[in-house]
Amino acid sequence: MQVEGLLRALQARNRVEIDAFVAVFEAHSGAQRHACHLQERLTALQRQCAELGEDNEAAQAHLRAARNGEAVARGAAATDHSTRVSQLMVELAASYKQHAESSQQVIAVRDQLAVAVGELSAAQEALAVAARERDESRAHGCELAAELEMSRAAAEAAAVEAAARLSGRNEALATAEALEAENAQLVERLMAMKTSEVEKMNEIHDLYEDLQRQKKSAEMRAMASDLSAASAASMSSLGDAMRRGAFGGGTYFPARKRLAVRANAGGTHRVAFTPGGDVLATAGDDKTVALWDAGTGHATGPERLVGATGALLDVDFSGGDGGAGGGGGGATMVLGAGTDRAVRLWDATTGRALHTLTGHADKVCAARFCPWDATRAVSASHDRTIKVWDLSKGFCVASILCASNCNAVTWGDGAGTVVSGHFDGAARVWDLRRKPGAAADPAEIKAHAQH
């Protein structure tokens, strides 16, 4: 259908282009006919001029004959001939004038003919272009028809394939339904078997619990007998000690809590005291280190040390390892380690952040000041590294690669020894005084099975 419509459109276009040149062709034919008529008229005028010339020559011959001896006899005839010659000359002049006008008309007609020929050539070229376009359109139509046939064939093949796939799908659905039914039967049988096994296991469990209760009852009776004897002996020795006043200057065991502080929002991961025990620091999920008066439980100093972008997992005061022992001169500093893979150093008096120590690739689980040198600190991370920091300059001076994730770190018996705890259950002792790389062979203690 598309090809037929295209052919009709081309034929209509061809008719329009041919009709536009019909008037040109007709004008050209009329001009040719007019030129032929003028040519015929010109030929007749030339023939008439020749005849007039012959008559003039005959008249002049008669005139000369009359002059030679017949002047008197033929004077009247000569006069008549002269008059006729004059008339013929006038007619000849008119004929020449008409010939000139005819020549001009012929020239004009020839110009029109040249224009018509040019227009005819342009029309023929346009007609040739239209013919080529028509041929190309026909060829394109043939190609489109071939493509249409191919598309129809492909559509028929696709329809056949779709029908085959639909048939396969229906068969697969039928098979799946059969398998589902069979699976449901198997599940029912399995559930029945499981129910039977559960009932048997419950019976065995009840029997085991009865045996355990009997065993525990026997053990409790034996322990009660032993505790009765031990209690009698303990009460006797306690009475003797009280009579002697042994608790006068002895150890104090608190019987109830002294203070309850809501330290961090979301959870508190670590607490630390100053070396004097008067200030408590807490680190938690709210990304801050909170400072508390250990005597009253109220916030003290700058109250909160901020700047961390993740939860804080450890905190330490300068002047001691975790608040135990040691004394550092100068201002009191706070060290915090967290999940943002950084260690931060604050001034505990002003709350100003002094350094942000970066370099770990995972969360930092622990950080400690050196009890013997407040300008040094050590940190441990889940990236399996331990780093030693120069706090006066704020950069790492040593990095140790471990075999397992680090969960805790502290200083050993001096500024050259570090002890770390790891995910694999081992505690490792590192000698920082050895050359770089040599500390990778630490003394290892397998303290726990894991963590």
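Mentor: A contact here means heavy atoms within 4.5 Å. The model under discussion is predicted.

Trainee: What share of contacts between residues at least 6 apart in sequence join residues at least 24 apart?

Mentor: Start from the contacts in the chain between residues at least 6 apart in sequence. Of these, the part that joins residues at least 24 apart is 43%.

Trainee: How many helices and strands does the chain have, and what percentage of its residues is buried?

Mentor: The secondary structure comes to three helices and 16 strands. A residue is called buried under 20% relative accessible area. Of the 451 residues in the chain, the buried part is 24%.

Trainee: What percentage of the accessible surface belongs to carbon and sulfur atoms?

Mentor: The accessible surface of the chain comes to about 29,400 Å². The part of this surface that belongs to carbon and sulfur atoms is 56%.

Trainee: Which residues form the negative surface patch that includes Asp-55?

Mentor: Asp-55 is found in helix α2, residues 22-67. Its relative accessible area is 36%, so Asp-55 is partly exposed, and patch residues need over 30%. The patch is formed by Glu-51, Glu-54, Asp-55 and Glu-57.

Trainee: Which residues make the nonpolar surface patch of about 210 Å²?

Mentor: One of them is Ile-18, found in helix α1, residues 2-19. Ile-18 has a relative accessible area of 38% and is therefore partly exposed. The patch is made by Ile-18, Val-22 and Leu-127.

Trainee: How many residues separate Glu-161 and Arg-165, and what is the N to O distance in their salt bridge?

Mentor: Both residues lie in helix α3, residues 75-244. Because they are four residues apart in that helix, about one helical turn separates them. Glu-161 is partly exposed at 42% relative accessibility, whereas Arg-165 is exposed at 60%. Their side chains meet in a salt bridge with an N to O distance of 2.8 Å.

Trainee: With which residue does Arg-344 form a salt bridge, and how many salt bridges does the structure hold?

Mentor: The partner of Arg-344 is Asp-340, with the closest N and O atoms 2.5 Å apart. Arg-344 and Asp-340 are both buried. The number of salt bridges in the structure is nine.

Trainee: Where is Pro-275, and how many Å separate its C-alpha from that of Gly-319?

Mentor: Pro-275 is in the loop between β1 (268-273) and β2 (279-284). Its relative accessibility is 41%, so Pro-275 counts as partly exposed. Gly-319 is 44 residues from Pro-275 in sequence. In space, C-alpha to C-alpha, Pro-275 and Gly-319 are apart by 6.2 Å.

Methods
Residues are numbered from 1 along each chain as its sequence is written. This is a predicted model: local features need pLDDT of at least 70, side-chain atom pairs count only at pLDDT 80 or more; totals for chains, interfaces and linings use all residues. Side-chain values use heavy atoms; hydrogens and water are left out. Helices (H or I, at least four residues) and strands (E, at least two) are DSSP runs, numbered from the N terminus. Buried means under 20% relative accessible area, exposed over 50%, partly exposed in between (1.4 Å probe, protein chains only). Accessible areas come from the Shrake-Rupley method with a 1.4 Å probe; for residues, only the protein chains shown count as cover. Patches are made of residues with over 30% relative accessible area and no salt bridge: like charges are joined within 9 Å, nonpolar side chains (Val, Leu, Ile, Met, Phe, Trp, Tyr) within 5 Å. A salt bridge is a side-chain nitrogen of Lys or Arg within 4 Å of a carboxyl oxygen of Asp or Glu. Lys and Arg count as positive and Asp and Glu as negative; His and the chain ends are not counted. The place of a charge is taken as NZ of Lys, CZ of Arg, CG of Asp or CD of Glu.
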